[in-house]
Amino acid sequence: GHTTIGSAGSVEVAIGSGAITVDHVSGAVKARSISGSVQLRAGGEGRVEAETMSGSITITVPSSRHPSVQVRSLSSKRRALT
């Protein structure tokens, strides 16, 4: 399946298989997918947690924010886009 959230103050979503897309979240977000991608556009005002066992994670924040990032991958290369 695929879960899409347009805009929210804060979000907590978990799915077994499929993609999670959050178009905009202003506060905290926690997104987990066992098998699928996670795409988030965060406002930078809250903690962001994203996890997937098999899939990609893309998190976009405003250019004025300087996030602290911790990543771990068991099977893929890590890459940061600026």
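Q: Where is Val71 found?
A: In this predicted model, Val71 is found in the segment that follows strand 7.

Q: Why does Val71 count as exposed?
A: A residue is exposed when its relative accessible area is over 50%. Val71 has a relative accessibility of 53%, so Val71 counts as exposed.

Q: How far apart are Val71 and Glu51 in sequence and in space?
A: The two residues are separated by 20 positions in sequence, and their C-alpha atoms are 9.6 Å apart.

Q: Why is Ser33 called buried?
A: Buried means under 20% relative accessible area. The relative accessibility of Ser33 is 3%, so Ser33 counts as buried. Ser33 has its place in strand 4.

Q: Which residues does Ser33 touch, leaving out those up to four places away in sequence?
A: With contact meaning heavy atoms within 4.5 Å, Ser33 touches Ile15, Gly16, Gly18, Ile20, Val38, Glu51, Thr52 and Met53.

Q: What makes the pair of Ser33 and Gly36 a polar contact?
A: The cut-off for a pair of N or O atoms is 3.5 Å. A polar atom of the Ser33 side chain lies 3.4 Å from the backbone nitrogen of Gly36, so the distance is within that cut-off.

Q: How do you know that strand 2 and strand 4 pair?
A: Pairing requires at least two bridges between the strands. Strand 2 and strand 4 (residues 29-35) are joined by six bridges, so they pair, and they run parallel. Within strand 4, Ser33 is the bridge partner of Ile15.

Q: Which sheet has the order 2-4-6?
A: That order belongs to an open sheet of three strands with parallel pairing. Strand 2 (11-17) and strand 6 (48-54) are its edge strands, as each pairs on one side only. On average, neighbouring strands of this sheet are turned by 0° against each other, direction ignored.

Q: What is the order of the open sheet that four strands form?
A: The order is 1-3-5-7, again with parallel pairing.

Q: What makes strand 3 and strand 5 a pair?
A: At least two bridges are needed. Strand 3 (residues 19-25) and strand 5 (residues 38-42) have four bridges, so they count as paired, in the parallel sense. Leu40 in strand 5 is the bridge partner of Val22. Apart from residues up to four places away in sequence, Val22 touches Ile5, Val11, Gln39, Leu40 and Arg41.

Q: What makes a set of residues the largest nonpolar core here?
A: Members of such a core are buried residues of nonpolar kinds, joined through side-chain atoms within 4.5 Å. The largest core has 12 residues: Ala8, Val11, Val13, Ile15, Ile20, Val22, Val25, Val29, Ala31, Val38, Leu40 and Ala42. Strand 2, strand 3, strand 4 and strand 5 each give two or more residues to this core.

Q: How many helices and strands are in the protein?
A: The protein has zero helices and seven strands.

Q: What share of the residues counts as buried?
A: Of 82 residues, 24% count as buried. The protein exposes about 5,900 Å², with 47% of this area supplied by carbon and sulfur atoms.

Q: What share of the contacts with a separation of 6 or more comes from residues 24 or more positions apart?
A: Such residues account for 0% of those contacts.

Notes. Residues are numbered from 1 along each chain as its sequence is written. This is a predicted model: local features need pLDDT of at least 70, side-chain atom pairs count only at pLDDT 80 or more; totals for chains, interfaces and linings use all residues. Side-chain values use heavy atoms; hydrogens and water are left out. Buried means under 20% relative accessible area, exposed over 50%, partly exposed in between (1.4 Å probe, protein chains only). Accessible areas come from the Shrake-Rupley method with a 1.4 Å probe; for residues, only the protein chains shown count as cover. Axes are lines fitted to C-alpha atoms, for helices over the stretch in contact, and angles run from 0 to 180 degrees between N-to-C directions. A polar contact is a pair of N or O atoms within 3.5 Å; within protein, one must be able to donate a hydrogen and the other to accept it, and residues adjacent in sequence count only if both atoms are side-chain atoms.
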